[in-house]
Amino acid sequence: MDSESKLINLTIDGTEVSVPEGTTILKAAERLGIVIPRYCWHPGLSAPAQCRMCLVEVEGWPKPQPACVQQVQDGMVVNTDCVEARKARRGVIEFLLLNHPLDCPICDAAGQCMLQDYAHETGQLRRRAVEAKVVLGRDHVTPEIVYFADRCILCTRCVRFMDEIAQEPVLQVINRGHKGYIDTMTDELFEHPFSMNIVDVCPVGALVNEDFLFKARSWDLDQTASICPGCSQGCNVALGTKENRVVRLKPRFNPEVNSYWMCDHGRREVVRWGAGMRAEVPLVREAERLVPADWARALDATVEALRGVEGGAKAIVDPGASNESLYIVRRLMDQVGFDGGSFRVSSGPQQVLKGFPKLALREDRAANASGAEALGYGRVDDIYGAVRSHRGVLFVLEEGLDDAPEDFADGSALFVYIGSVLSPAARKADIVLPSPSFAEMDGTFTNFEGRVQRFTQGLRPPGLARPIWMSGSVVLARLGGGEPFTSAAAAFAALAEEFTAFSGLSYEKIGLTGAVSAAAESGATAS
Amino acid sequence: MAYPYEHPREERMLSRYFGEVDAIGIDGWIERGGYTALEKALGTAQDDVIQVVKDSGLRGRGGAGFPAGLKWSFMPKDGKAPSYVACNADESEPGTFKDRELMRWTPHQVIEGIIIASYAVRAQHAYIYIRGEFVDIVRVLNGAVVEAYERGYLGMNILGSGYDLDLTVHTGAGAYIAGEETGLLNSLEGRRAEPRVKPPFPAQKGAFGMPTTVNNVETLASVPHIVLNGADWYRQWGTEKSPGTKLFSCCGHLQRPGNYEVPLDFSLKELVYDLCGGPPEGRELLGVIPGGSSVPILTVDELDCEVSYEGIEAAGSFLGSGGLIAMDDSTCMVRAVRRMVEFYAHESCGQCTPCREGTSWLTKILRRIERGDGREEDIPLLLDVGSNMAGSTICPLSDSAAVPVVSSIQKFEDEYMAHIRDGSCTAKR
């Protein structure tokens, strides 16, 4: 048998195209850049062909065909924008708007709504229906998700997500025909670790996240490609930001990591990220008091303090810190003698997404434990025990130190705190270098399977906060450790030279979907 | 008890024993020649059974009229996968009540047909999917199935032939759309009775994802006669394209409503005026729906045709399920159509947008016209909504709902206009 599948030649809107046998008209059209309108079809779900929005004309066929399921045939001539197809689409839009409340001004989905888009596209001057609209109402389906039944177009994407991907078929169409609506069979709220994906798949504003409700208009959000820091899975996400705050997180398609999905835990985590009293300026200890300083003074103090200090360097790092930050701290430690760095990882139960088992909310609730390990830090249960009675330099990177013992860092010759929030223990530092949260800078995380993925800056960091790969590299340069880095990419390039887990990788290679280094991959296969 | 609606001009092949209580039990049925067709079939190669049904020209009696033998021949012959036969006894088309009588009076005629069909298509399990409202009929069938097991017509090694078959009677839960064959299969599997996208067709992927043949009760009941007497014998009735006899469930404004079995070349006009006795005294017929509410209405002037599939089609309607509904001049056509469309709005499964929304919109417009709040532009609106609903959905329910609206406007527009312009009704009460 020929391993290559057979190619089918057909014509779509006057252009010839060749696609593998079994391709649908909808997919074949996308190759030509023709987007056939659709509601019920979603790339990650089965195709029930029920919204009838994607009807197209196939010349010589008696009826318009649903492009989402109709497979291509040799010599087929498809028209997606002819009179017949347009009439079918206009008809469907008119039907959908019969009872739709058109409450776009207060709808969360306005601006990102497929009904709005297509209704606009097929625009009708006059409404032909004089009948009163049916008013249904709204209700919670989970404690966080509200269902607006009036807006629902019954595409069943949410039902199919719960059935096929979550594999917990809790949602159903209740009743039939025009009396149908979406609910659980028992009329009770349901809970599922991946429930918020039903909000993402909803093509209209029927399912909305109460947390986001009335927070922002979708068009006011800036979108930034990022990585969810909620666990070691490393879901690719888009940060939705407004007025320098992250207001929501949406999954970004990556077939290798998270497909179209992500868990609820990650979404809840990120909107809390960077909250609290932020460290905004460098602080330097002078006569037992921490006093604000500008970067020139802070760096001078750091360089001076590190010169000639004895007793080696230990570190406590946070596994949510980027590879670049971890790398610079490691280099600074090397300057005075690396004596071991440790981190702890908070954990929770693993939750696998059954219909896409590559994706799970991992036990490790930190984004970069793998990266920290690759850079020579060790995972320990008791981070404080590892530095007790340490007499040399102590670096702490982003670890909150909320539960530090009274005598924490008391014996250290020098305590440098690099982080974004200052706990009482962090205030014992000799030098505080304020750093941005992950959403406020560029960087990379290494996920649980060694995949290195980039995140990009979505927010302005507060005050004078500056990434440690930048400020630390200046210190290094002055201590004789090479040139300062002017970008996260340069910091990563140096890191990739030095550590085999990253060898051969660069920001270009990683792109926006991530990459695994050849060394890490062969290591993985060898073990 | 004699069956109340007999007429000497009938050709009673299927309905011969209607009214004979003795024919219901298996002993009475065997006395009347029952299960001899099964014996003959089991001694014949499967493909030869399919061939004789093909040659007979028997067409599906559920409504679509698809050739039964051809449908059977789509089933895989390798016997690798489990395969099924489903007898469609959902009989939900408004105006149709022939399958109910076939099962009530001659359950073994139906069961024998199912066993022969199952043997021919190499199925190991057959189902009778029957509408749940037929509580009494379900009892009759269950009793008949037990009898058939006891006599060795069902179960392992049927009549020593080596062929095994189980038969299960499965009751529906009250949905019109469960009578659509793929909706039936979903319902049989315990899902919502929502029609499936075709292809794949049931013969490729039917019940439980396996090859399945779905046939109407009347189709299957005709099979033993054909197997026993041959294709040529069956072709003595009807026309080239529509051989055999067919039961017509006649209801509405008729002197003698009921089930009548006639050859398919019988005259529709005579069926209505002679067998059924025409409209009640002092009334004129307004129109006749010949094949269940899903087919276009014929006016009295259009009744001069054969009841064959092609004959009624030429007259402008369809044979459908054979559910004939007669309406006399006391009928308000707008109201009758509104009631029919209301039914479809109630029964739409709601998957496809045009059907879900269109059926309820049509109902609302018709209600408005009926109560005298219609507008002249509602007529073109009804027609356009109907055309947006037709041919654009997974199953034909959407088309069915548009049919009475469109055909009644074409033929009885005056009645609509009377409601719209004068707020009056042309019905003679």
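How much area do chain A and chain B bury between them, and what percentage of it lies on carbon and sulfur atoms? In this predicted model, the two chains bury about 2700 Å² between them, with 52% of that area on carbon and sulfur atoms.

**View 1. The contact between chain A and chain B.** The contact draws 33 residues from chain A and 33 residues from chain B. Within chain A, the residues that lose the most area to chain B are Phe95(A), Arg128(A) and Arg176(A), which together account for 28% of what that side buries.

**View 2. Salt bridges and polar contacts across the interface.** Between chain A and chain B there are 4 salt bridges, one of which pairs Arg176(A) with Glu347(B), where the closest N and O atoms are 3.0 Å apart. Counting pairs in which both residues have pLDDT 80 or more, 18 residue pairs are in polar contact between chain A and chain B.

**View 3. The side of chain A that touches chain B.** The elements giving two or more residues to this side are α2 (83-97) and β8 (171-174) of chain A, and the largest share, 6 residues, comes from α2(A). By residue class, the side of chain A that touches chain B comprises 18 nonpolar, 7 polar and 8 charged residues.

Key: Residues are numbered from 1 along each chain as its sequence is written. Chains are lettered from A and ligands numbered from 1 in the order in which they are written. This is a predicted model: local features need pLDDT of at least 70, side-chain atom pairs count only at pLDDT 80 or more; totals for chains, interfaces and linings use all residues. Side-chain values use heavy atoms; hydrogens and water are left out. Contact means heavy atoms within 4.5 Å. Buried area is the accessible area (1.4 Å probe) that two parts lose on being put together, summed over both. A salt bridge is a side-chain nitrogen of Lys or Arg within 4 Å of a carboxyl oxygen of Asp or Glu. A polar contact is a pair of N or O atoms within 3.5 Å; within protein, one must be able to donate a hydrogen and the other to accept it, and residues adjacent in sequence count only if both atoms are side-chain atoms. Helices (H or I, at least four residues) and strands (E, at least two) are DSSP runs, numbered from the N terminus. Ala, Val, Leu, Ile, Met, Phe, Trp, Tyr, Cys and Pro count as nonpolar, Asp, Glu, Lys and Arg as charged, and the others, Gly among them, as polar.
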